[in-house]
Amino acid sequence: NVTDYYVDTGSFQADAANQLSLELAWGRGPLLLQAEHIETWVDSTGYGDPHFTGSYLGASWMVTGESRPYIRSAGFARQAIPSRPAGAVELVTRYSHLDLDDSAIHGGTLKKWHFGINWWASQQWKIGLSWGDADLDKDGIKGNTKMLLSRLQWFY
C-alpha cells in the first residue's frame, strides 16, 4: 500500500458503474484454494461505456499439516494455529490479472505471479517472505518488476 499505482483509469465522467464479483474458496486439510473474478461496466457515453476486469487465483499449503478455515461471515481464511511448539510452515502462490484498458480509457494491464513462504510462530505472529514478478502494459510502454517482500504480522 505504499507504492504508486501501476494501473489506474484516472478520473473520468460517468453516470454509473455496475459490478459483478464472483469469489470461490475451497479448503481440505492443509490445502486452501481461493479465486475471484470481477467485471465492471461503466455507464459513460463520453468514454465509450468502458468494461474492466480483474481476477486472481491463489493456493496455500500448510506443509506442517495445519488448516486455515474459511470464515464465511467475514469472507477470509483465518490464521493458522500451529500444532507444535516450533510453529507452522505455509507455502503460498497467487496469479492475478487486471485489465483497465477499454474504449477511451487506457488504464493499463497488469499480470502478476507471487510465491511465498510463511512461518506461523504462534496464533498471533506470522513472518513471511515472498517473491513476485509483474508485467505491465500501459500507454504503449511495457515493463517488468521483480519484488522481494517481507512481512512481520501480529493478529489481535
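User: Buried means under 20% relative accessible area, exposed means over 50%, and partly exposed is in between (1.4 Å probe, protein chains only). With that in hand, does Lys146 count as buried or exposed?

Analyst: Lys146 counts as exposed, because its relative accessibility is 51%. Before we go on, this is a predicted model, where local features need pLDDT of at least 70 and side-chain atom pairs count only at pLDDT 80 or more, while totals for chains, interfaces and linings use all residues. Residues are numbered from 1 along each chain as its sequence is written, and side-chain values use heavy atoms, with hydrogens and water left out.

User: Got it. What does Lys146 pair up with?

Analyst: Its partner is Asp133: the two side chains meet in a salt bridge, at 3.1 Å from N to O. Lys146 lies in strand S9 (residues 141-154) and Asp133 in strand S8, so the pair ties together parts that are 13 residues apart in sequence. A salt bridge here is a side-chain nitrogen of Lys or Arg within 4 Å of a carboxyl oxygen of Asp or Glu. Strands are DSSP runs of E with at least two residues, helices are runs of H or I with at least four, and both are numbered from the N terminus.

User: And Asp133, buried or exposed?

Analyst: Asp133 is buried, since its relative accessible area is 18%.

User: Why would two side chains like that pair at all?

Analyst: Side chains of opposite charge can pair when their charged atoms come close.

User: How many salt bridges are there in the whole structure?

Analyst: The search finds 4. Another one of them joins the side chains of Arg84 and Glu66, at 3.4 Å from N to O. Arg84 sits in the loop between strand S5 (76-77) and S6, and Glu66 in the loop between strand S3 (51-62) and strand S4 (70-71), so this pair links parts 18 residues apart in sequence. Glu66 is buried, at 6% relative accessible area, whereas Arg84 is partly exposed, at 37%.

User: What does Asp137 bridge to?

Analyst: To Lys142, with the closest N and O atoms 3.8 Å apart. Asp137 is partly exposed, at 28% relative accessible area, and Lys142 counts as exposed, at 68%.

User: Let's zoom out. How many helices and strands does the chain have?

Analyst: It has 0 helices and 9 strands. Along the sequence that reads β-β-β-β-β-β-β-β-β. The C-alpha trace spans about 60 × 35 × 25 Å along its principal axes, and 26% of the 156 residues count as buried.

User: Switching topic: which residues form the nonpolar patch on the surface?

Analyst: Among them are Trp26, Leu31, Trp61, Leu91, Trp113, Ile117 and Leu148, and the whole patch has about 1100 Å² of accessible area. Patch residues have over 30% relative accessible area and no salt bridge; nonpolar side chains (Val, Leu, Ile, Met, Phe, Trp, Tyr) are joined within 5 Å, and like charges within 9 Å. Areas come from the Shrake-Rupley method with a 1.4 Å probe, and for residues only the protein chains shown count as cover.

User: Which strand gives the most to that patch?

Analyst: S7 does, with 3 residues. Strand S2 (31-43), strand S7 (105-120) and strand S8 (125-138) each supply at least two.

User: What is Ile117 in contact with?

Analyst: Setting aside neighbours within four places in sequence, Ile117 is in contact with residues including Val89, Leu91, Ile127 and Leu129. Contact means heavy atoms within 4.5 Å. Ile117 is in strand S7 and is partly exposed, at 39% relative accessibility. Leu91 belongs to strand S6 (residues 88-102) and is partly exposed too, at 37% relative accessible area.

User: Last one: what's the phi of Asp49?

Analyst: It is positive, about 45 degrees, although Asp49 is not a glycine. Most residues other than glycine have a negative phi. Asp49 is in the loop between S2 and S3. Asp139, in the loop between S8 and S9, also has a positive phi, near 55 degrees.
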